[in-house]
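Open the model in your viewer and keep the selection tool at hand. Each stop below says what to select and what is there.

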Amino acid sequence: MEKNLKTEITKARIIKAATEEFALYGFDGAAVNQICQKHGISKGLIYHNFGGKEDLYLCCVEEAVNGFIAYMSGKDFGTDFKLYMKERYDFFSANPYYRQLIFADVLTDSAEFAKNLKEIRSRFDEFNKKVYLRAIDGIELRKGVSKNDASEYYSLLQNILNGCLNGGNASAESFDSAFIAHEKSLEKLLDFMLYGIAREETI
């Protein structure tokens with residue numbers, strides 16, 4: 001087996017194990033020793049392939065975001081945002097560890113770590129915004145409302161809803177409930193944003 005391929009297989013195994021631990025216990029609760037003991041991985045292998053716990057965590061979050069984007073990019077939902085929300089919900093239901101890492105708020109004293117984490121998660125947010133803007137292309141906007149206005153409003157809404165999810169120290173059961181409520185709220189609010197709340201003849 002080629003050295004590069006062997007290294008990638010090793011890193012993938014470590015990331016898979018670490019993703020589970022970080023998702024279950026959060027960044028603060030998971031420990032490198034715990035990952036090693038539970039999954040039969042030597043500490044030397046982890047520190048040979050990753051710069052430390054923070055680097056490993058960032059790689060796990062990046063893997064989760066990349067996995068989501070790759071999956072959703074292979075789906076054809078056109079301008080149908082409801083179909084997109086269904087596919088998104090199905091993905092996160094099948095990949096609860098990815099869901100936990102993407103949505104959980106992780107507190108850290110390292111400003112640089114927080115910055116790097118935000119950059120990775122921004123790719124997830126931007127992908128979702130693109131889907132929303134694609135849905136806008138399928139409707140006629142109200143007079144005085146631009147696509148840029150709609151984009152800014154979506155970003156505001158997204159930040160508010162994401163702020164309601166704090167899974168860093170939550171149990172898996174409580175986070176599951178919070179996530180389901182988040183997805184239902186997002187779908188309903190996007191429906192309001194796209195199609196309004198007033199009947200057409202009353203406008």
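A surface patch is built from residues with over 30% relative accessible area and no salt bridge, joining like charges within 9 Å and nonpolar side chains (Val, Leu, Ile, Met, Phe, Trp, Tyr) within 5 Å. Accessible areas follow the Shrake-Rupley method with a 1.4 Å probe, and for residues only the protein chains shown count as cover. A salt bridge is a side-chain nitrogen of Lys or Arg within 4 Å of a carboxyl oxygen of Asp or Glu.

This is a predicted model: local features need pLDDT of at least 70, side-chain atom pairs count only at pLDDT 80 or more, and totals for chains, interfaces and linings use all residues. Residues are numbered from 1 along each chain as its sequence is written, and side-chain values use heavy atoms, without hydrogens or water.

**Stop 1: the patch.** Select Leu24, Tyr25 and Tyr97. Together they make a nonpolar surface patch with about 260 Å² of accessible area. Tyr25 sits in helix 1, residues 3-29. Helices (H or I, at least four residues) are DSSP runs, numbered from the N terminus. Buried means under 20% relative accessible area, exposed over 50%, and partly exposed in between (1.4 Å probe, protein chains only). Tyr25 is partly exposed because its relative accessibility is 39%.

**Stop 2: helix 6.** Select residues 96-103. Six of the eight residues in this helix are buried. Among them are Tyr98, Arg99 and Phe103.

**Stop 3: salt bridges.** The model has seven salt bridges. Select Lys38 and Glu21: their side chains meet at 3.1 Å, N to O. Lys38 is in helix 2 (residues 32-39) and Glu21 in helix 1, so the pair ties together parts 17 residues apart in sequence. Glu21 is buried, at 0% relative accessibility, while Lys38 is partly exposed at 44%.

Next, select Arg123 and Glu62, a salt bridge with its closest N and O atoms 3.0 Å apart. Arg123 is in helix 7 and Glu62 in helix 4 (residues 53-73), 61 residues apart.

**Stop 4: Lys129.** Finish on Ser151, Tyr154 and Ser155, which Lys129 contacts (heavy atoms within 4.5 Å) when neighbours within four places in sequence are set aside.

Notes
Helix = DSSP H or I, 4+ residues; strand = E, 2+ residues; numbered from the N terminus.
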